[in-house]
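Reader: I would like a close look at one part of this protein. Could you take me through its salt bridges?

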Amino acid sequence: MTSIDRLEKQLKDISEILKNTYNDDSEIGVFSGISGISLFQFYYSKYLGVDYYSDCGVEMITESINRINKGYNYPTYCGGIAGAGWVVEHLSEEGFVEIDTDGLLSDLDAYLYDIMVIDITNNNYDFLHGAIGYGYYFLKRFQNTKSEKLKVRYTEFLIKLLKHLQQLSIKNEKGIKWVSVIDKTTGVQGYNLSLSHGISSIINFLSRLHKYLEFRQSVVPLLKGAISFVLNYENEEEGALSLFPSWVSDPYEKNSSRLSWCYGDLGLGVSLRIAAIALKDDDLYNKSLVILKHSAHRRTKEQSFVKDSAICHGAFGNALIFSRLYKETQDSLFQETASYWMKEGIAMATFEDGYVGYKQWGGDEIGWKNEIGFLTGIAGIGMTILFYLSDFETSWDECLMIS
């Protein structure tokens, strides 16, 4: 069996497992929940040119909507309504479904806006579980709505979020930063640099707002200040394992970060590259490539800290990012690195009782476990395989702030 045959067999098996298990998932979000799982079925259908799998996706999206109608009210981008809304918008703009998203989603605006304001007021700007996630959803609505009235509404929502980000920001000689709880068990605070939960997500989000004149004046000082703060913590020592830490605290101690989407140089480098393109800053763009190329050379377990296969912090997440970077830059180093991490991911399908052979590491207390979701399970693994094999243009990885 060739490697492509093996991957296509995995895709078929993933689709079947997801079809049989999605209703067991209690959440509906894009990263954790059935709307994110539906993405795989729609893109698998497009890859094969077969309607059956798209019909499976429609079942999943319909179930997400039905749960909201029955009172499901968990709001976040990762696991809740904001994430499901983002998926519906994406499916609509890509032509997978015909839905009046203005009519379907606008009734949720007031609830999600109120939660966003509560979160940002309490300094919870987290992309997955806090205010940036809601802002990211509202940005998608701002971009896609056909109603001028709703466009004004989303503009006001996003300006409100920007004002709160400005009020909560801390400015010093290094730039602009936002405080986070670094250790939830002890309550220790610091400055999280990550894409999943930290300042890289703010940089990434602000860069996307910069495109629009409605937000640019408020965005620019925050964006440039945040970039300056992050770059101050580059490790310039020769032979450094990672160029940036996952977080900084007072007193500052240098620490190496993992190679992953969620924490470390990869997510940070991707965000700086997106910021450089928005700002038309050649120096920053070149700096982002230095970071990403340095990351491309971290390939052993000891260098990368990669333990499992999922998108969040595993081999397939690295493969996805480097595949995207190759598509956009045509740099052969990124192509080679994407192939390396694909092979590493495939080689991790060793569990006889795993989904398609895959399990994810849940920590010392939990150990290895089966997961079906997008961010930490086989739905995301399947999406990465599709990205790697497909020859059609796609933008679904925008949900991860990669594209």
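Are Arg324 and Asp397 buried or exposed?

Author: Keep in mind that this is a predicted model. Arg324 and Asp397 are both buried. Their side chains meet in a salt bridge, 2.8 Å from N to O. Arg324 lies in helix 14 (residues 315–329), and Asp397 lies in the segment after helix 16 (378–389), so the pair ties together parts that are 73 residues apart in sequence. Arg273, Arg324, Glu328 and Asp397 are linked in a network of salt bridges.

Why can such pairs form? Side chains of opposite charge can pair when their charged atoms come close.

Now look elsewhere in the chain. The count comes to 16 salt bridges. One of them joins Asp109 and Arg153, with the closest N and O atoms 2.7 Å apart. Asp109 sits in helix 6 (residues 109–121) and Arg153 in helix 8 (residues 148–168), so this pair ties together parts 44 residues apart in sequence. Asp109 is buried, because its relative accessible area is 1%. Arg153 counts as partly exposed, at 27% relative accessibility.

Asp13 forms a salt bridge with Lys9, and their closest N and O atoms are 2.7 Å apart. Both residues lie in helix 1 (residues 3–21). They are 4 residues apart, about one turn of the helix. Asp13 is partly exposed, with a relative accessible area of 28%. Lys9 is also partly exposed, at 43% relative accessibility.

Note on methods:
Residues are numbered from 1 along each chain as its sequence is written. This is a predicted model: local features need pLDDT of at least 70, side-chain atom pairs count only at pLDDT 80 or more; totals for chains, interfaces and linings use all residues. Side-chain values use heavy atoms; hydrogens and water are left out. A salt bridge is a side-chain nitrogen of Lys or Arg within 4 Å of a carboxyl oxygen of Asp or Glu. Helices (H or I, at least four residues) and strands (E, at least two) are DSSP runs, numbered from the N terminus. Buried means under 20% relative accessible area, exposed over 50%, partly exposed in between (1.4 Å probe, protein chains only).
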